[in-house]
Amino acid sequence: ALPSYPYSPPSSSPPSSSSSSSTSTPPPPSSSSSSSSSSHPSPAPSSTTITSLSSILSSSSSSCDGSDWPASRHHVFRQINEFVPGAVRHYNASRSKANGLTKLLAWTLSYRNLFQDECRVCKSLLSHEGMGATFMPCTFRHYDTLSPYHPHCFASLAHTS
């Protein structure tokens, strides 16, 4: 009972009063039911529905700054969110936009072991992030190698190189 592509959300109009008065009659099937999708197959996505990362960035007024979504209450996810715009810019610079998207998704997937990967510099799972802060896992992933780092460890690595 999954909606067929392209998905259109159900209308927000309230149900009519006549349908609420007859409780024995089942509700009419929705427009995204499997019976209607078999009689009217949905069209394949056209080339205009496939967009590059740059068009996503240019069409968004927030440019991935997180203003469209409420900030997480967890500091670890807020810190990871700070690296997303840089990752999008880095992978958008790729010659092949499809390859850039694949690499961006691989970068995102590299966070699946967020609380298990140790830092490549200090070899620790957690690091204390200053006065009053809690212990944090490696929230930065290198854009090319996908190696995990604590942000301050990566900054110290960059300054010594």
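The model is a predicted one, in which local features need pLDDT of at least 70 and side-chain atom pairs count only at pLDDT 80 or more, while totals for chains, interfaces and linings use all residues. Residues are numbered from 1 along each chain as its sequence is written, and side-chain values use heavy atoms, with hydrogens and water left out.

A search of the whole structure finds one salt bridge (a side-chain nitrogen of Lys or Arg within 4 Å of a carboxyl oxygen of Asp or Glu). The side chains of Arg 141 and Asp 117 meet in a salt bridge, at 3.4 Å from N to O. Arg 141 belongs to strand S3 (residues 140-141) and Asp 117 to the loop between H6 and strand S1 (127-128), so the pair ties together parts that are 24 residues apart in sequence. Asp 117 has a relative accessibility of 21% and so counts as partly exposed.

## Overall make-up

The secondary structure of the protein consists of seven helices and four strands (DSSP runs numbered from the N terminus, helices being H or I with at least four residues and strands E with at least two). Along the sequence, their pattern is α-α-α-α-α-α-β-β-β-β-α.

The protein has 161 residues, of which 22% count as buried. Its accessible surface comes to about 11600 Å², and 60% of this belongs to carbon and sulfur atoms (areas from the Shrake-Rupley method with a 1.4 Å probe; for residues, only the protein chains shown count as cover). Among contacts with a separation of 6 or more, 56% are between residues 24 or more positions apart (contact means heavy atoms within 4.5 Å).

## Helix H6

Helix H6 covers residues 97-109, and at 1.5 Å a residue its 13 residues should span 18 Å (the expected span is 1.5 Å times one less than the number of residues). The C-alpha atoms at its ends are 18 Å apart, which agrees.

Which residues of H6 are buried? They are Gly 100, Leu 104 and Trp 107. These residues cover an arc of only 60° around the axis, which puts them on the same side of H6 (the arc is that of the directions from the helix axis to the C-beta atoms). The exposed residues Ala 98, Leu 105 and Leu 109 are carried by the face of H6 turned away from its buried side.

## The loop between H6 and S1

Ser 110 is found in the loop between H6 and S1. This serine is buried, with a relative accessible area of 10%. Leaving out residues up to four places away in sequence, Ser 110 touches Asp 117, Arg 141 and Leu 146.

Most residues other than glycine have a negative phi. Leu 146, which lies in the loop between S3 and S4, has a positive phi of about 65° although it is not a glycine. Leu 146 is partly exposed, with a relative accessible area of 28%.

## His 150 and the cysteines

His 150 lies in the loop between strand S4 (148-149) and helix H7 (151-160). With a relative accessibility of 0%, His 150 counts as buried. Not counting residues up to four places away in sequence, its contacts include Cys 119, Cys 122, Glu 129, Met 136 and Cys 138.

How many disulfides are there? The count comes to zero (a disulfide is a pair of cysteine sulfur atoms within 2.5 Å). For Cys 119, the nearest cysteine sulfur is that of Cys 153, 3.8 Å away. The sulfur of Cys 138 has its closest cysteine sulfur in Cys 119, at 4.7 Å, too far for a bond. Cys 119 is buried, with a relative accessible area of 1%, and Cys 138 is buried with 0%.

## Phe 154 in helix H7

Phe 154 lies in helix H7 and, at 23% relative accessibility, counts as partly exposed. Not counting residues up to four places away in sequence, Phe 154 touches Phe 140, His 142 and Tyr 149. The C-alpha atoms of Phe 154 and Arg 141 are separated by 9.4 Å, and the two residues are 13 residues apart along the chain.

Note on methods. Buried means under 20% relative accessible area, exposed over 50%, partly exposed in between (1.4 Å probe, protein chains only).
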